[in-house]
Amino acid sequence: MAFEEIYKRHASKMLLYALNILNNKDVCEDLMQNIFVDFWTKRKITSIKNLEAYLFRAVKFQVFKYFRSQKFSNEDLTRLNIVDVSINAAKKLEYDELESAILNVVSKLPPRCKEIFELSRYEHKSNKEIAEAWNVSIQAVKNQISKALIAIRANLHKEELLFIFQIFFVYHF
C-alpha cells in the first residue's frame, strides 16, 4: 500500500519531468518503470531522508544513463539544462510565494502574538529568552507561538483551496 501511495504521489510529476527532457513517452515510461522497480528492490537496504528528492535524482540519473546509451544532439543537452534551470526557478517561486503568504498572516496577528512569533522564528530566540523579555511564563510564550502557527496553517490551507478552486472552476469556465 505504501508503494502504491508513493507511486500515485510522484510518478506523474516524474514522468512529466522526463518528458520535458526526452520528448519520448515510451522511453520515459520505461525509465519510470526502471526507477520504481529499482526503488522497490532496494527498499530494505536504502535509507531515504527526502523521498521526492531521491526520486527526482533517480529520474535525472536514468535520463543521463539513457543519453549515454544513445547518440544525442546538442539540442537534447540544451533542453536538459533548460528544464533543470526552469524547475529550480519554479521551486524558488513557490518558496517566495509561501514566504510571502506566511509574512502576510504574521502581519495580521495580534501585536503580542506577532512579536513573540517573530522573536521565536525570525530572531531565533528561545522560549525562555522571550519569556524573560516579556515577563511572562514559558507556557504563555508557547501558547502564543502555537496560536500563530495555527493561524498560518489555516490561512495557507485556505489559499491552497482557493488556488485549487481557481484552477478547476475559474479557468475552465
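The legends below describe an overview and several close-up views of one predicted protein model.

Residue numbers start from 1 along each chain as its sequence is written, and side-chain values rest on heavy atoms, with hydrogens and water left out. In this predicted model, local features need pLDDT of at least 70 and side-chain atom pairs count only at pLDDT 80 or more, while totals for chains, interfaces and linings use all residues.

**Overview. The protein chain holds 7 helices and 0 strands.** Along the sequence the order reads α-α-α-α-α-α-α, where helices (H or I, at least four residues) and strands (E, at least two) are DSSP runs numbered from the N terminus. Of the 173 residues in the protein chain, 25% are buried; buried means under 20% relative accessible area, exposed means over 50%, and partly exposed lies in between, with a 1.4 Å probe and protein chains only. The chain exposes about 12,600 Å², of which carbon and sulfur atoms supply 57%, the areas coming from the Shrake-Rupley method with a 1.4 Å probe and, for residues, with only the protein chains shown counting as cover. Among contacts (heavy atoms within 4.5 Å) between residues at least 6 apart in sequence, 59% join residues at least 24 apart.

**Close-up 1. Glu5 and Arg9 form a salt bridge within helix α1.** A salt bridge here is a side-chain nitrogen of Lys or Arg within 4 Å of a carboxyl oxygen of Asp or Glu, and a search of the whole structure finds 4 of them. In this pair the closest N and O atoms are 2.9 Å apart. Because Glu5 and Arg9 are 4 residues apart in helix α1 (residues 2-22), about one helical turn separates them. Glu5 is partly exposed at 37% relative accessibility, whereas Arg9 is exposed, with a relative accessible area of 54%.

**Close-up 2. Glu52 and Lys13 form a salt bridge.** The closest N and O atoms of this pair are 3.3 Å apart.

**Close-up 3. Lys42 and Asp38 form a salt bridge.** Here the closest N and O atoms are 3.4 Å apart. Lys42, at 33% relative accessibility, counts as partly exposed, and Asp38, at 30%, is likewise partly exposed.

Close-up 4. Most residues other than glycine have a negative phi. At 64% relative accessibility, His124 counts as exposed.

**Close-up 5. Val136 lies in the loop between α6 and α7 (138-170).** With a relative accessible area of 22%, Val136 is partly exposed. When residues up to four places away in sequence are not counted, Val136 touches Arg112, Ala131 and Val141.
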